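Please keep the sequence and the structure at hand while reading.

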Amino acid sequence: MKKKAATLSRRAAARVLASCYRRNGHARWQDPERVRKEGPRRYKKGDEVRLFVSSPGELQTIQQCLEILEFQPGKPFQKRSQICLPLYGWDAVSRFLDLVESIP
């Protein structure tokens, strides 16, 4: 029988995510001017946060933290020697960045 990992508090999960984002993450906002000029069929870049981790274990920890805080991450993918875990959508990105800014 598999042991269930100890669950983190919401505050601890937020600190782990903030640390990961500050270490090696970034956010992108959709450019409304480009959408207006090029149209949504040509300019498809949306709002996104990318969290980069270096191991499958760290990826699992980040996914658990996002779950605790009720975020729905995208599918992780390999980018060079790191694993990228994206978070999509204006609401999710703004809520994530507000959370990161609130953690000292």
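In this predicted model, Cys20 is in contact with Gly25, Leu51, Phe52, Val53 and Ile62, when its neighbours within four places in sequence are left aside.

**Cys20 and its surroundings**
- Cys20 has a relative accessible area of 2%, and because a value under 20% counts as buried, this residue is classed as buried.
- Although Cys20 and Val53 lie 33 residues apart along the chain, their C-alpha atoms are separated by 7.7 Å.

**The sheet**
- The sheet is open and consists of 4 strands in the order β1-β2-β4-β3, with antiparallel pairing.
- Its edge strands are β1 (25-28) and β3 (77-79), each of which pairs on one side only, and the twist from one strand to the next averages 30 degrees.
- Strand β2, which covers residues 48-53, runs antiparallel to β1 and is joined to it by 4 bridges; within this pairing, His26 stands opposite Arg50 of β2.

**Helices on the sheet**
- Helix α1 (residues 10-24) packs on the sheet, where it touches β1, β2 and β4 (82-88), and its direction makes about 90 degrees with that of β2.
- Helix α3 (residues 56-68) also packs on the sheet, touching β2 and β4, and its direction makes about 15 degrees with that of β4.

Key: Residues numbered from 1 in each chain as written. Predicted model: local features only at pLDDT ≥ 70, side-chain atom pairs only at ≥ 80, totals over all residues. Heavy atoms only, no water. Pairing = 2+ DSSP bridges. Helix = DSSP H or I, 4+ residues; strand = E, 2+ residues; numbered from the N terminus. Axes fitted to C-alpha atoms, helices over the stretch in contact; angles between N-to-C directions. Contact = heavy atoms within 4.5 Å. Buried < 20%, exposed > 50% of the residue type's maximum accessible area, 1.4 Å probe, protein only.
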